[in-house]
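My notes are below, in the order I checked things.

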Amino acid sequence: MSLSRTEDPSVEQAPILHVDLDAFFASVEVLDNPSLKGKPVAVGGAGERGVIASASYEARRFGIRSAMPSVMALRICKDLIIVPGHFDRYEEYSRRFQSLVGDVTPQYEPLGLDEVFADLRSLARLNVRPVAAAHELRTRIKDELHIDSGIGLGANKLFAKLSSKRAKPQVRDGKLIAGPGVVWVDPGEQLTWLRQQGVRALWGVGPATTERLERLGIFSVGELAALSEGTLRSHVGPSMAHTLIEMAHGRDDRAVVANRATKSIGHEVTFASSISNLDDLHAQARQFSAVVARALRASDQVAHTISLGVRFDDLTSTRRSETLSFGIDDETAVSTIASALLESIELRGAVRLLGVSASSLRARSNSELQLAFDLPLSRDDDAQRSAERSRSQQATRGALNDAVDDLRRRFGRSSIGVGTDLLDGSLDVATQRGRHAFGPEAGDSDNQRP
Ligand SMILES: [Mg+2]
């Protein structure tokens, strides 16, 4: 299959652009500490429970991946240098990155810190050619931020994102193979290309959903496309089934929404006295999630993005969000994501303000309501109804687990021990541990091999 990298589609043929920075956190660490250049470097927690959040390509050559336990990563590569994360630096680079994309078009939408979608349609009249614009953007990112990136162009977000992945360097048999940098797949070939890929390539399909599909004998996107949505619904839940079938056929009507954050439903509270107990914070986050979920249901909307913000006593603040491939309006779902976001934040001290919000809102689609109406209407259908409901709940749980996995991959997992540290009221401990955003160190600095 040929990837039409050299051809020059029109904006109508390739309206959506997706940029993804290469090994973002690790790249920033190397820029801030040039002695790390060319070495296997990972950002993460070096301690027993630490997780890798980002790995340089030198580390990836050894098979080190995001979300891998650090202990395992060090076993695979004993020279691996694990550094704690510096989110203030990543946020600064991310702002500069977004402003470079903003120079191409104001119609852009960030997804996390290191990915941005842009809609090029408003540039059609200016005779902008997407492939040329993408190469120019990639060059500017390299020249001004000194970070490599992959850019994909496509008819929709799905193809743009799959193409940016294809544009990046790849590791094969321990060797690093440079990527083409910019990829656009000809519309005549894109469905064939899509169907050859494993289901894992689809957005929102993580380990839990992959396993569920593989148990049904579905490994490739092509196999998925052969199923009916109705068949799939009882295995992965109605919302996920709809998304999966649409994606398997290359359909994706999600718009690029600029200034997404302004359209949200949220609940935040400044506490009368600041909270330093992690359990108390989780309890508050659960309550706020319930408020947000009720407001979502009342307005007949589902949210694709959940954010959590905290402000500390020293008035510094942090905000994290996770975007899901499926919409949620349920208290448990909102609170699962909010709790995982809270875990990912390094608690530098007592929390003065906490907020949970839902954005990327959409009207609740029929497919998400169908479960209730599709059930067989026989008189003794109670057992069937409850079996159906329990399968659907399990499926939702699986999709949520995938989202939490993704979140940990992006932000790393915070220390399990932090609750106890804070319960002891010892802010010294909490502050010290603040150096290690991805988990406790093993007790000394031996793990960080210079
Ligand atoms: Mg990236």
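Confidence first. I'm working with a predicted model, and the protein chain averages a pLDDT of 82, with 82% of the residues at 70 or above. I marked residues 366–380, where pLDDT stays under 50; the model has 16 contacts there beyond four places in sequence. I also marked residues 415–450, again with pLDDT below 50, though this stretch has 74 contacts beyond near neighbours in sequence.

Which residues of H5 are buried? I get Pro-130, Val-131, Ala-133, Ala-134, Leu-137 and Ile-141. Looking down the axis of H5, I see these buried residues fall within an arc of 160°, so they line one face of the helix. On the face turned away from that buried side I noted the exposed residues Ala-132, Thr-139 and Asp-143.

What do the buried residues of H5 pack against? My list is strand E1 (16–21), helix H4 (87–104), strand E7 (149–154) and strand E10 (182–184). Just after H5, I noticed that His-146 takes a positive phi of about 60°.

I followed up Leu-17: leaving out residues up to four places away in sequence, Leu-17 touches Ala-118, Leu-120, Pro-130, Ala-134, Ile-151, Leu-153 and Ala-160. Pro-130 and Ala-134 were already on my list of buried H5 residues.

Technical notes:
Residues numbered from 1 in each chain as written. Predicted model: local features only at pLDDT ≥ 70, side-chain atom pairs only at ≥ 80, totals over all residues. Buried ≥ 20, exposed ≤ 12 C-beta atoms within 10 Å, placed from the backbone. Helix = DSSP H or I, 4+ residues; strand = E, 2+ residues; numbered from the N terminus. Arc of directions from axis to C-beta. Contact = placed C-beta atoms within 7 Å. pLDDT = per-residue confidence, 0-100.
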